[in-house]
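Biologist: I would like to learn how to read a model like this one, feature by feature. Could you take me through it, giving the idea before the case?

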Amino acid sequence: MNTEITTKPITNLQGTWELNNGYKMPYLGLGVWKAEDGEEVINAVKWAIEAGYRHIDTAKAYDNEEGVGKAIKESSVARKDLFITSKLWNSDQGYESTLKAFEKTLQRLDIDYLDLYLIHWPVEGKYKDTWRAMEKLYKEGKIKAIGVSNFLEHQLIDLMKDCEVRPMVDQLEFHPWLVQEDLQKFCAENDIQYEAWSPLMQGKAFKNETLKKIGEKYDKTPAQVVIRWDLQNGVITIPKSTSKDHIESNADVFDFELSEEDIQTINALDKGERIGPDPNNFDF
């Protein structure tokens, strides 16, 4: 992996990195994929905020934006101090439909603006019109930063041929089995912030012997090792959990630093293996 991008400061749970438009994004957040709307997601978001998280990542497809919004409203932290991400679903792509879907997302979240809005998947023949709508919303100040999710290099190149505003973030499947070094390098060269979804490999990280051994050296769990590895590689990460203990544990990664040798050992676990769908071949 290209280690030139590991110079970003990593200080604490509320630390941020600057996107290419100057907006600041917390480099560790809570993902709420599969968290059931209602009590489960409300509790998870509240626990995260109480633990010091300031970055919450949801999506229309998760069917829990309303619960996330309720938790935000009921928390003691001001909206301006939170970073809220949501994503546009595939069936809503297109210019006019994007504008409408965005307004519905704001209504469900019961907030006035989004910090980050992402195109969830690169739907061929639609994502350019979708991006034009997102540019409009961004220029109107309704979104502080816009980006994409699951876009590979050729899709980013295609999008950037015609765009007026360059994507600020690409949220991708990223974990020790799927490093995609060339894609990460491309994003770094184009000042697009790399962000990880499924960083813990949907729980498979907990059972990996290499990660366990590295964790023992630092008195850390395999999950904490992976999250720290993400951050030291300049990758924003949003581990998903609905457990109070795990939410708190996932944030306990600021009192140690992985050695270069350990980073390279984790990099060597890469086998180009996806847990989620292939962005070049999906049918939803």
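**Reading the model**

Modeller: Lining the largest cavity are Asn 150, Leu 152, Leu 172, Glu 173, Gln 180, Trp 197, Arg 274, Pro 277 and Pro 279. Please keep in mind throughout that this is a predicted model.

Biologist: How many cavities of 30 Å³ or more does the count come to, and how much space lies in the largest cavity?

Modeller: The general idea is that rolling a probe the size of a water molecule over the atoms shows where empty space is left. In this structure the count comes to one cavity of 30 Å³ or more, and about 40 Å³ of space lies in the largest cavity.

Biologist: Let us turn to a helix. Which residues of α1 are buried, and which are exposed on the other side?

Modeller: A residue is called buried when its relative accessible area is under 20%, and exposed when that area is over 50%. Helix α1 covers residues 39-51, has 13 residues and reaches 18 Å from its first C-alpha to its last, close to the 18 Å expected at 1.5 Å a residue. Its buried residues are Val 41, Ile 42, Ala 44, Val 45, Ala 48 and Ile 49. Seen down the axis of α1, these buried residues fall within an arc of 165 degrees, so they line one face of the helix. On the other side of α1, Glu 39 and Glu 50 are exposed.

Biologist: What covers the buried residues of α1, and which residue follows the helix?

Modeller: The cover includes the strands β3 (30-31) and β4 (55-57), together with the helices α2 (65-74) and α9 (244-250). After α1 comes Gly 52, whose phi is positive, near 115 degrees.

Biologist: Which residues have a positive phi although they are not glycines, and are they buried or exposed?

Modeller: Asp 63 has a positive phi of about 55 degrees although it is not a glycine, and Met 201 likewise has a positive phi of about 55 degrees without being a glycine. Asp 63 lies in the loop between β4 and α2, and with a relative accessible area of 61% Asp 63 is exposed. Met 201 is placed in the loop between β9 (193-197) and α7 (209-218), where, at 0% relative accessibility, Met 201 counts as buried.

Biologist: Now the annotated positions: which residue does UniProt list for "binding site", and which residue does the annotation "active site" cover?

Modeller: Such labels come from a record, and annotations may be inferred rather than shown by experiment. In an unreviewed entry, UniProt lists His 120 for "binding site", and the annotation "active site", also from an unreviewed entry, covers Tyr 62. His 120 is found in the loop between β6 (114-119) and α4 (127-139), whereas Tyr 62 has its place in the loop between β4 and α2. His 120 counts as buried because its relative accessibility is 8%, and Tyr 62 counts as buried at 16%.

Biologist: Which residues do Tyr 62 and His 120 touch, leaving aside neighbours up to four places away in sequence?

Modeller: Tyr 62 is in contact with Val 32, Trp 33, Asp 57, Lys 87 and His 120. His 120 in turn touches Tyr 62 along with, among others, Ala 59, Ala 61, Lys 87, Leu 88 and Trp 89, and its contacts also include Asn 90, Ser 149 and Asn 150. Asn 150 is also one of the residues that line the largest cavity.

Note on methods. Residues are numbered from 1 along each chain as its sequence is written. This is a predicted model: local features need pLDDT of at least 70, side-chain atom pairs count only at pLDDT 80 or more; totals for chains, interfaces and linings use all residues. Side-chain values use heavy atoms; hydrogens and water are left out. Helices (H or I, at least four residues) and strands (E, at least two) are DSSP runs, numbered from the N terminus. The expected span of a helix is 1.5 Å times one less than its number of residues. Buried means under 20% relative accessible area, exposed over 50%, partly exposed in between (1.4 Å probe, protein chains only). The arc is that of the directions from the helix axis to the C-beta atoms. Contact means heavy atoms within 4.5 Å. On a 1 Å grid over the protein atoms alone, a cavity is a set of points where a 1.4 Å probe fits but cannot get out, and a pocket is an open set with protein on both sides within 12 Å along at least five of seven lines; lining residues have an atom within 4 Å of a point. Grid points are joined across faces, edges and corners, and a volume is the space filled by probe spheres set on the points.
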